[in-house]
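Here is a quick walk through one model, with pockets, a helix and some charged pairs along the way. Have the structure open while you read.

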Amino acid sequence: MTRRFLFVLGSARADGNTELLARRAAEQLPSDVEQQWFDLAEHPVPDFEDLRHDSDHVRPTEGNVALLLDATLAATDIVIASPLYWYSVSAQTKRYLDYWSGWLRTPGLDFKVTLAGRTLWGVTALAHTQPEVADPLVGTLNNSAAYMGMRFGGVLLGNGSKPGDVLNDTEALARAKTFFAQEAPLARFVYED
């Protein structure tokens, strides 16, 4: 299968530090790798409604949820590009991940089977100087990948608060050059180590 990267942008700010860092990393991908960028601020999805015990799930056929589902299913690599908001992913990003719960229960979709073996990556910018404050965000993505049977490539961290600050983080920019070239291991829950 030809590699196809889906970049899910979860920032409340256009062209923010997280997106800048994700785009720097994406520039390093080979030219034959397809890229699709989905900005959750430009294509908002409604709040997720948990109906798992109330009704049958139906595959969405129109609107932003359908576009996002189709893009997710088509991707070999999903990149969650979310700034660190209150030590985890943004609300838009969390809403996207919540939709996975519904897609898991949608008849005929085989969402978990389809994503198994594919790779989840993360990119985030944080204003704090200690990278450990991003551990909850990393845990969210790692555990989501582990539950789905996906590979997890880790999270590319960059430092920045004001627009463009991340471009001064020379270490993050250096890591961006090889971030997607690394071999992503199968994700495991912490308790499995």
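What volume does the largest pocket have? It comes to about 290 Å³.

## Ground rules

This is a predicted model, where local features need pLDDT of at least 70 and side-chain atom pairs count only at pLDDT 80 or more, while totals for chains, interfaces and linings use all residues. Residues are numbered from 1 along each chain as its sequence is written, and side-chain values use heavy atoms, with hydrogens and water left out.

## The largest pocket

A pocket here is an open set of points on a 1 Å grid over the protein atoms alone, where a 1.4 Å probe fits and protein lies on both sides within 12 Å along at least five of seven lines. Grid points are joined across faces, edges and corners, and the volume is the space filled by probe spheres set on the points.

The lining (residues with an atom within 4 Å of a point) takes in 16 residues, and Pro83, Leu84, Tyr85, Ala125 and Gly160 lie nearest the centre. Helix α1 (17-26) and strand β4 (119-126) each supply at least two lining residues; helices are DSSP runs of H or I with at least four residues, strands are runs of E with at least two, and both are numbered from the N terminus. By class, the lining has eight nonpolar, seven polar and one charged residues. In that scheme Ala, Val, Leu, Ile, Met, Phe, Trp, Tyr, Cys and Pro are nonpolar, Asp, Glu, Lys and Arg are charged, and the others, Gly among them, are polar.

## Gly10

Gly10 sits in the loop between β1 and α1. Is Gly10 buried or exposed? With a relative accessible area of 0%, Gly10 is buried (under 20%; exposed is over 50% and partly exposed in between, using a 1.4 Å probe and protein chains only).

Leaving aside neighbours within four places in sequence, Gly10 is in contact (heavy atoms within 4.5 Å) with residues including Leu40, Ala81, Pro83 and Tyr85. Gly10 and Ala81 are 71 residues apart in sequence, yet their C-alpha atoms are 6.0 Å apart in space.

## Helix α2

Which residues of α2 are buried? They are Val65, Ala66, Leu68, Leu69, Ala71, Thr72 and Leu73. These buried residues pack against β1 (4-9), β2 (34-39), β3 (77-81), α3 (91-104) and α4 (111-115).

## Salt bridges

Side chains of opposite charge can pair when their charged atoms come close. Searching the whole structure turns up five salt bridges (a side-chain nitrogen of Lys or Arg within 4 Å of a carboxyl oxygen of Asp or Glu). One of them joins Glu34 and Arg4, with the closest N and O atoms 2.4 Å apart. This pair links distant parts of the chain, with Glu34 in strand β2 and Arg4 in strand β1, 30 residues apart. Glu34 is partly exposed at 38%, and Arg4 is partly exposed at 22%.

Asp47 and Arg95 also meet in a salt bridge, at 3.0 Å from N to O. Asp47 belongs to the loop between β2 and α2 and Arg95 to helix α3, 48 residues apart. Asp47 is exposed at 58%, whereas Arg95 is partly exposed at 23%. Lys94 and Asp98 pair at 2.5 Å, N to O; both lie in helix α3, four residues apart, about one turn of the helix.
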